[in-house]
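Have the viewer open as you read.

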Amino acid sequence: MYRLYFKGVIDFSVSLFILIVISPFLLIVSTWLYFANKGSGVFFFQERPGRNEKIFKVIKYKTMTDERDEEGNLLPDSDRLTLVGKFIRSTSIDELPQIINVLKGDMSLIGPRPLLPQYISLYSPQQRKRHNVRPGITGWAQVNGRNAISWRDKFEYDVWYTENISFLLDIKIIILTIKKVLLRSDINKEGEATTEAFNGNN
């Protein structure tokens, strides 16, 4: 009952309330990033697969500039990630615009994180079950290691969540997410500015 009916209603209602309450804060962050990103924009839009692998555009705050080398190639992520961007990412503020995705019905507050479309062909049949539900802003994998664990472990957590969705589990994930954000834990693997790409084996 919760999975089929109440989860979507709660997602919409809570997201609308949160968006109204934090809108002044989002305006401040947007202005801050406008200057920090050196004119390269405030928001980052990227195609991601949602429920049943339907493609949608996820919205995040942009934490890197578009600086390029003399040949016109983008500089490495670690060179383009600004000090402001590092803070925005470490506090998970970069995820807040996805509330709009939740309001649109593309995402849920809680669910497997939406990944890149090119990963779909690399998934095993079991791993593809993560797309049986709407992706989330946070999820079971995020509170059990986030970027500090292997892709294989992330997918196992994701699939387990899709098979065990409940109101109490979602409440538990929200509480653990708040704890993770406050502690700024498991943002990236040690020595890496961004998450390692999935190649089907890692």
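1. Tyr119, Tyr123, Trp151, Phe155 and Phe198 make up one aromatic cluster. Bear in mind that this is a predicted model, where local features need pLDDT of at least 70, side-chain atom pairs count only at pLDDT 80 or more, and totals for chains, interfaces and linings use all residues. Numbering starts from 1 along each chain as its sequence is written, and side-chain values use heavy atoms, leaving out hydrogens and water.

2. Rings of Phe, Tyr and Trp (its six-membered ring) pair if their centres lie within 6.5 Å; planes under 30 degrees apart are stacked, over 60 edge-to-face, the rest tilted. That rule gives twelve aromatic pairs. Trp151 and Phe198 form a tilted one, with 5.7 Å between centres and 55° between planes. Trp151 is in helix α5 (residues 151-163) and Phe198 in the segment after α6 (167-183), so the pair ties together parts 47 residues apart in sequence. Helices here are DSSP runs (H or I, at least four residues), strands likewise (E, at least two), numbered from the N terminus.

3. Lys154 lies over the face of Trp151, 4.2 Å from the ring centre. The criterion is NZ of Lys or CZ of Arg within 6 Å of the ring centre and within 35 degrees of the ring normal.
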